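I opened this notebook to record what I looked up in the structure, one topic per entry. The entries follow the order in which I consulted the structure.

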Amino acid sequence: MTIEGDSSDYDLLSAHAEQLAKRFKDKVMLTAEVGVRKGLGSKLIMNYIRPNYSGLHFHVGIDPYGDLIYHHYDKSKKPEKGDYNEDMLMEFKKDFAEEPRFQLYQLTDFSFMEKYYYGCEFYYDNKHYVLNDYALVHIDGPHKTTDVIREAVFFAERSAPGAVFIFDDWKKFDAPVVRSVMQSYGFKFISNGQFKMVMEKDG
Ligand SMILES: C[S@@+](CC[C@H](N)C(=O)[O-])C[C@H]1O[C@@H](n2cnc3c(N)ncnc32)[C@H](O)[C@@H]1O
């Protein structure tokens with residue numbers, strides 16, 4: 001088991017997931033993480049939203065792995081490789097093998113947005129769901145301002161009332177611009193940790 005994170009403020013993610021579970025009490029919830037890596041963010045979202053698999057929560061992870069070479073930050077001088085390779089993907093798959101509510105889309109955000117524009121499908125307990133309104137999104141893929149805005153807009157257009165979006169590494173992108181884009185979708189700023197920034201949509 002190597003479910004680790006590469007950031008901090010995971011307590012913010014857990015606390016908001018727990019709160020949302022109460023707010024969405026008997027409703028089916030859809031949550032997402034962009035940039036999954038070893039999976040700590042996704043694991044916490046699942047643990048704190050519904051402690052046991054209930055059929056009322058589905059989670060999507062979006063991450064291409066594949067040792068992609070890209071600009072990680074606005075200030076990156078050149079595209080770089082991280083450690084998001086096939087070995088990490090294999091380890092991740094083992095660690096999450098027993099999470100039926102989790103679907104990994106091994107895709108970039110671009111491809112996911114194109115293919116799942118109208119929602120993601122889930123099958124559970126004789127039911128078929130096509131869900132496209134996100135209650136919680138952890139945005140933690142590429143951290144360039146343009147990438148963050150692209151992802152924020154896609155998910156904000158598909159967000160449930162009262163949704164919470166958590167942005168990792170907020171000091172690395174233009175946070176005032178991202179906040180202002182989110183405000184135009186009815187989100188307000190809730191708090192900042194050292195790394196994570198929380199915004200919530202009107203309920
Ligand atoms: C900072 S790590 C994610 C950390 C993880 N959320 C955690 O809490 O430990 C960034 C991840 O983004 C992924 N990534 C890179 N480009 C991406 C893209 N265009 N769309 C989605 N994910 C991407 C990388 O493969 C990598 O696993």
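**Entry 1. Kind of model.** I noted at the outset that this is a predicted model.

**Entry 2. The sheet.** I looked up the order of the strands. An open sheet of seven strands runs in the order S5-S2-S1-S8-S9-S11-S10, and its pairing is mixed. I then asked which strands stand at the edges. They are S5 (102–105) and S10; each has a single partner strand, so one side of each is left without a neighbour in the sheet.

Entry 3. I began with strand S2, residues 57–62, which runs parallel to S5 and is joined to S5 by four bridges. Within this pair, I found His 59 opposite Phe 102 of S5. On its other pairing, S2 meets S1 in the parallel sense, over six bridges. There I recorded that Met 29 stands opposite His 57 in S2.

**Entry 4. A residue of S2.** I selected Val 60, which lies in strand S2. Is Val 60 buried or exposed? I found 23 C-beta neighbours inside 10 Å; the cut-off for a buried residue is 20 or more, and Val 60 therefore counts as buried. I also looked up its separation from Val 34.

**Entry 5. Strand S1.** I turned to S1, which spans residues 29–34. Six of its six residues are buried, so S1 is largely enclosed by the rest of the structure. I checked the directions of the side chains as well. Met 29, Thr 31 and Glu 33 point one way, Leu 30, Ala 32 and Val 34 point the other way, and all are buried. S1 also pairs with strand S8, residues 134–139, in the parallel sense over five bridges. In that pairing, I identified Leu 136 of S8 as the bridge partner of Thr 31.

Entry 6. I next examined strand S11, residues 197–201. This strand is mostly covered, with four of its five residues buried. Strand S9 (residues 159–167) and S11 run antiparallel and are joined by four bridges. I found Phe 165 opposite Met 199 in S11. S11 also pairs with strand S10 (residues 187–192), again in the antiparallel sense, over five bridges. Here Lys 188 has Glu 200 of S11 as its bridge partner. How many residues lie between S10 and S11 in their hairpin? I recorded four residues between them.

**Entry 7. Two helix pairs.** I looked up how helix H1 (residues 10–23) lies against H2. Their axes come within 8 Å and cross at roughly 30°. Angles under 35 degrees count as roughly parallel, and H1 and H2 are therefore roughly parallel to each other. I noted that their crossing is right-handed.

I then looked up helix H5 (residues 145–156) and helix H6 (residues 175–183). They pack at an angle of about 15°, and their axes are 10 Å apart. That angle makes H5 roughly parallel to H6. The crossing of H5 and H6 is right-handed.

**Entry 8. Around the ligand.** Which residues come nearest to the ligand? Of the 24 residues around the ligand, I found that Gly 35, Arg 37, Tyr 84, Thr 108 and Gly 141 come nearest. The elements giving two or more residues to this shell are strand S1 (29–34) and helix H2 (40–49). By type, I recorded 10 nonpolar, seven polar and seven charged residues in the shell.

**Entry 9. A loop residue.** Last, I looked up Asp 125, whose place is in the loop between strand S6 (120–124) and strand S7 (127–131). I found 6 C-beta neighbours inside 10 Å; a residue counts as exposed at 12 or fewer, so Asp 125 counts as exposed. I also recorded its relation to Ser 54. Asp 125 and Ser 54 are 71 residues apart in sequence, and they are 10.0 Å apart in space from C-alpha to C-alpha.

Note on methods
Residues numbered from 1 in each chain as written. Predicted model: local features only at pLDDT ≥ 70, side-chain atom pairs only at ≥ 80, totals over all residues. Near = placed C-beta within 6 Å. Nonpolar A, V, L, I, M, F, W, Y, C, P; charged D, E, K, R; others polar. Pairing = 2+ DSSP bridges. Axes fitted to C-alpha atoms, helices over the stretch in contact; angles between N-to-C directions. Parallel < 35°, antiparallel > 145°, perpendicular 65-115°, else oblique. Left-handed = near helix turned anticlockwise from the far one by under 90°.
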